[in-house]
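Welcome! Please look through the sequence and the 3D view below, then try the exercises with us, one step at a time.

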Amino acid sequence: MKLIIVESPAKARTISRFLGDEVVVEASMGHIRDLPRSAAEVPESLKGEDWARLGVNVERDFEPIYVVPKERKERVKKLKDLLKKADELYLATDEDREGESIAWHLAEVLKPKIDVKRMVFHEITEPAIRQAFDQPRQIDRRLVDAQEARRILDRLYGYEVSPVLWRRVKQGLSAGRVQSVAIRIVVERERERIRFRSASYWDIEGEFLGGDPESQFPAALVAVDGVVVAGGSDFDEVGNVVSADVLVLDEETATRLTTDLREADFVVRKVESKPYRRSPYPPFRTSTLQQEAGRKLRFAAARTMSVAQRLYEAGYITYMRTDSTALSEAALAAARRQITDLYGASYLPKQPRTYANKVKNAQEAHEAIRPAGDEFRTPEQVAREVAQDESKLYELIWKRTLASQMTDAVGESMAVRLGATATSGSDAEFSASGRTITFPGFLRVYVEGSDDPEAALDDQETRLPALKVGDPLQVESLEATGHATKPPPRFTEASLVRRMEELGVGRPSTYASILTTIEDRGYVWKKGQALVPSFTAFAVVSLLEDHFPNLVDYAFTARMEDDLDRIAGGEEKSVPWLTRFYLGAEGLAAQVADRLDEIDARQVNSIGLGSDPHGREVVLRVGRYGPYLERGDEKATVPDNLAPDELTIEKAVELLEERPSGDKILGTDPDSGFVVLARHGRFGPYVQLGEAQGKEKPKTASLFKAMTIDELSLEEALRLLSLPRVVGTDPDNGVEIIAQNGKYGPYLTRGQERRPLESEEEIFTITPTRALELFSRPPRRRGQPAAAAAPAREVGTDPVSGKMITVRSGRFGPYVTDGEVNASLRTADSPESIAVERAAELLQARRDRLSSGETPTKKARKKK
């Protein structure tokens, strides 16, 4: 028997279709070992070492300490059991550095005594799999060492710098080699928006007719008496004109000139035409796919990569983590055949197109992202076989691939100048431009999107009538139009990916996870598609810029990336490089030790906003529980949905003036003797028992929706503080039934089970009998009618826990569970047809998040 190990059940399922019964394909469920995630995972023999917390022996050539996590041990046991029956082992993990690393770790942990072969492919089709099976290679230690160097570097950076943020900003924050630079990029853009001051300017827009009644076209004023009229690009970020050679029109001047020109005689003064030619875009690589899916499909980068992963593992596209824009000979032939069949020979260039790779040290897969196979399936064929997200992304990839091998779009561009002399004697010149496409070429298939929703596509056709110098023109309309300069747009995920790639920061394969991390950690939040930095992000970036400037310097970070690529290419050794980075007088360890005490936490967490009308300074501070404003002894919380560039001094004064009048003392708790306070908090009014004592937080409880502080009694406050309430005990299993209030309203819990309550008052009135009745019914969403729900469906046995996986309907939608771990189904997953492999994959992904400490409670706390 031959054993093939891949990363995921979905990949295993597809590959197993192509090989005979003598081959067993099993999933490792990703990495089977890694650096310790916590002190508890550090081997007992090493816990006394100073470097043990890092998981890297910095005293012995940065030797990593690898451990098999608890949740992976059953998987390792299963693989070892299968290995005993095998005579050959094929490691068929992905062909990039990460995949090579997984393959090496498998070989190190399983310690096979049989032949070990490395099987690589960039698409999961039968010919590709059979070729990879017949032509294996050995594990590439150079790729493994390069990935290990990156892993060690990221561990040292995160484990040294993150504690600085905990001690000087707040707990729960994290720093990362690429993550922190990405946050700085977003913060820098918000700073530009804060500095921005809008400038107003006017121009004149008109509609004109040539000799043909159908020949109406628009034109705009560009010069008066030979002086160029100012536009938006002629102002700087604070609203000043950057050139003395332009004329800034105000409303009065523009309106008067418009009136003077309405009866003037306009003629064509200048006509310029030239050939237009536009070549197609290269096929997708990882970063351009993320950008275009964000623009056209409104997919987040993580969603794009997740959908692409499913398409790849099901055999629809080639490997999706790649820096290459090359297409194989077979792919070029397939694209050219399909172009001829669908659009005709006139759309096919004489020779296949090739594209220069613009990414330095491109090293991932060796081909662009394209439809898999030697014959491309059409989007219509794929749409019948996959879910909606997969269908949309496949169509995008298919169109881009075909367009990349089609002829240029050709046509003619025309620029026209027209003018007249106003009754006031002023000479006014207008400009119009157009483009006529005579042959669409690749535009027949694909037009690239734009990051700016207000920007017209560069490839759109705008027709002008046939005009020649001296032609008289009829004025259809003239309007004075006011404009205001706009601040630079915030980054979207797509434009941030592009910016990071331009700066050479990080690798495209990691961008999706970085974007997810900075949002989950509360560094950014989304306003529509725009990424808005939090005030915490401002504090963190300020600290790093002031005290560790190299770590968020764009050029320094890009040079690190280049150094890591040289290590991958064998041009540099990892140990001397890591030694320079971490040890020595200027190393990271020394920087943290020397600079921690000089960091003033209050200064780092403060942003001066200016003075109010009475000269009192207003400061924004980032506190443990969120940002707040301070003016002398006065304080006011900052709304969660207020963007930093919207917090002007005027807005700050308004928030301070509108803040609640203060705490209200309701009385004394007879049991504890503590005072009971009613307060206004960041998330609404609440009651509190006693004052904070050192680090110990006082007990608090939110008011019910029907309650107000003004009408709240001591008795009601004590009832709230008594929550959660034990309703009773389930007689069948002895588990307590508890009533409590939560973020989404009142509910009951019995172990891991939940049931919503209809009203907050029911928390205090519900009886054990009524509670048991609610738990006897299928779970439903809050407000959903109590209709009969389908019973749980058994899917199969989980390979990790060995327990039966069932599909259930939960409060937030369908999910799978093995009784220990729950995982929500994704949009493309069907509760009626989900396979055991996919269910196991979802459960394992959930275990990975839980084991890394990313619980729902913690995630919610970070977002606050």
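**Exercise 1.** Which residue is the bridge partner of Val 416 in β13?

Before the solution, a word on the model. It is predicted, so local features need pLDDT of at least 70 and side-chain atom pairs count only at pLDDT 80 or more, while totals for chains, interfaces and linings use all residues. Residues are numbered from 1 along each chain as its sequence is written, and side-chain values use heavy atoms, leaving out hydrogens and water.

*Solution.* Two strands pair if DSSP finds at least two bridges between them. Next, find strand β12 at residues 409-421, which runs antiparallel to β13 and is joined to it by 12 bridges. Within this pair, Val 416 has Ala 432 as its partner.

**Exercise 2.** Work out the strand order of the open sheet with four strands.

*Solution.* The order is β2-β1-β5-β6, and the pairing is parallel. At the edges are β2 (23-27) and β6 (115-118), each pairing on one side only. Now look at β1, residues 2-6, which pairs with β2 over five bridges. There, Ile 4 has Val 25 of β2 as its bridge partner. Helix α1 (residues 9-16) packs on the sheet and touches β1 and β2 (contact means heavy atoms within 4.5 Å). The direction of α1 makes about 165° with that of β2; axes are lines fitted to C-alpha atoms, for helices over the stretch in contact, and angles run from 0 to 180 degrees between N-to-C directions.

**Exercise 3.** Describe how helices α6 and α13 pack.

*Solution.* First locate α6 at residues 179-195 and α13 at residues 493-503. Their angle is about 115°, and their axes lie 11 Å apart. Then list the residues that meet: Ala 182, Ile 185 and Val 186 from α6, with Leu 496, Arg 499, Met 500 and Leu 503 from α13.

How values were computed. Helix = DSSP H or I, 4+ residues; strand = E, 2+ residues; numbered from the N terminus.
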